[in-house]
Each structure stands twice: as structure tokens, then as C-alpha cells.
Amino acid sequence: MKTIYENKIQSIGDFADTFLEEKMVILFGDGAPQDLKDFCYNIDVVETDGEIEEGQYLLINGDQYKITSVGDVVQRNLTTLGHITIKFDGSTTAELPGTLYVEDKILPKFDLGTELKIINE
């Protein structure tokens, strides 16, 4: 098992849970525009250790979600802005370039300190 990416939620915007009903979570680094910051789970901007690819797993506090599709700019946006959307719908086609699609399972709880990892098994 190789860890490709590792981070923790540092702060939570007042309206970050707005998109949970749509099975979406928005991550953004420190540089989030003020009008968007309230809708994001804020993380540090960190590098990845390899490519993020379909078939890998997103771990949220240890709960595994298989990555089903990766938007074209996910890798770049995550490492430069800390900004991606995670959609829990199991899509196998990346409709939006900045979205990471994972299997359709019950969403985990997102709190301060929630650990996010992407692993390659």
C-alpha cells in the first residue's frame, strides 16, 4: 500500500455541509476566495506522492471509498490550491475537471482534524 496524498481538515466553513445532500464535499486550501470559503472544508496545500488515478482509494478517517473517476485538473488543483470537489456518486466519467468521483456509499462525518488520504493498493 502506498500513500499518494495525506491531509487533515483544518477548518470548516459555516455552510460547508450545504452540499452533503447532493453527495458533494468541497475542499479548499488557505487561499480560498472569501465568498467561497464558507462553503468549503479547508485543508493545507500539500504535494502528492504520485498520480491520483481511478482504482485507488480515498480514505476518510480510515473509511475506504474507491475512486471511480478523476477530473483532468484534480491533481493540479489539489497540489496548487488544495481545491477539489469530491462527489460520492460512483460516476465512471469525470464530467467536471476539478472533481474526484468516488463510489456511492454513505458519506462519512467531516469534522476538524478529519484525516484524508489517497492510497494505491
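This is a predicted model: local features need pLDDT of at least 70, side-chain atom pairs count only at pLDDT 80 or more; totals for chains, interfaces and linings use all residues.

Q: Where does Leu20 lie, and which residues does Leu20 touch?
A: Leu20 belongs to the loop between S1 and S2. Not counting residues up to four places away in sequence, Leu20 touches Val25, Tyr41 and Leu107.

Q: How far apart are Leu20 and Phe88 in sequence and in space?
A: Here you set two separations side by side. Leu20 and Phe88 are 68 residues apart in sequence, and their C-alpha atoms are 9.4 Å apart in space.

Q: Let's turn to aromatic rings. How many aromatic pairs does a search of the whole structure find?
A: A pair of aromatic rings is described by the distance of the centres and the angle of the planes. Searching the whole structure gives 5 aromatic pairs. One of them is edge-to-face: Tyr65 and Phe88, at 5.2 Å centre to centre with 85° between the planes.

Q: Which parts does the pair of Tyr65 and Phe88 tie together?
A: Tyr65 lies in strand S5 (residues 63-70), whereas Phe88 is in the loop between strand S6 (84-87) and strand S7 (99-102), so the pair ties together parts that are 23 residues apart in sequence. Tyr65 and Phe88 are both buried. Tyr65 and Phe88 also belong to a cluster, linked by ring pairs, that includes Tyr41 and Phe110.

Q: What sits over the ring of Tyr65?
A: For this feature, look for a charged group above a ring. The charged end of Lys105 sits over the ring of Tyr65, 4.8 Å from the ring centre.

Q: On to strands. In what order do the strands close into a barrel?
A: To read a barrel, follow the strands from neighbour to neighbour. In this model, 8 strands close into a barrel in the order S1-S3-S2-S6-S7-S5-S4-S8, with mixed pairing. On average, neighbouring strands of this sheet are turned by 35° against each other, direction ignored.

Q: Which strands pair with S1, and over how many bridges?
A: S1 pairs with S8 in the antiparallel sense over 6 bridges, and Asn7 stands opposite Leu116 in S8. S1 also runs antiparallel to S3, joined by 3 bridges. In that pairing, Ile12 has Tyr41 of S3 as its bridge partner, while Ser11 stands opposite Asn42.

Q: How does S4 pair with S5 and with S8?
A: S4 and S5 are antiparallel, with 4 bridges, and Tyr57 stands opposite Lys66 in S5. The hairpin of S4 and S5 has 2 residues between the strands, and Asn61 takes a positive phi near 50° there. S4 is also joined to strand S8 (residues 115-120) by 4 bridges, again antiparallel, and Lys117 is the partner of Leu59 in S8.

Q: Are the two faces of S4 covered or open?
A: Check the side chains on each side of the strand. In strand S4 (residues 57-60), both faces are covered: Tyr57 and Leu59 on one side, Leu58 and Ile60 on the other, are all buried.

Q: What does the side chain of Gln56 reach, and where is Gln56 found?
A: Gln56 is found in the loop between strand S3 (41-43) and S4. At 2% relative accessibility, Gln56 counts as buried. Its side chain reaches the backbone nitrogen of Glu53 at 2.8 Å. Setting aside residues up to four places away in sequence, Gln56 touches several residues, including Ile4, Tyr65 and Ile118.

Definitions and conventions: Residues are numbered from 1 along each chain as its sequence is written. Side-chain values use heavy atoms; hydrogens and water are left out. Rings of Phe, Tyr and Trp (its six-membered ring) pair if their centres lie within 6.5 Å; planes under 30 degrees apart count as stacked, over 60 as edge-to-face and the rest as tilted. Buried means under 20% relative accessible area, exposed over 50%, partly exposed in between (1.4 Å probe, protein chains only). A charge sits over a ring if NZ of Lys or CZ of Arg is within 6 Å of the ring centre and within 35 degrees of the ring normal. Two strands pair if DSSP finds at least two bridges between them. A polar contact is a pair of N or O atoms within 3.5 Å; within protein, one must be able to donate a hydrogen and the other to accept it, and residues adjacent in sequence count only if both atoms are side-chain atoms. Contact means heavy atoms within 4.5 Å. Axes are lines fitted to C-alpha atoms, for helices over the stretch in contact, and angles run from 0 to 180 degrees between N-to-C directions.
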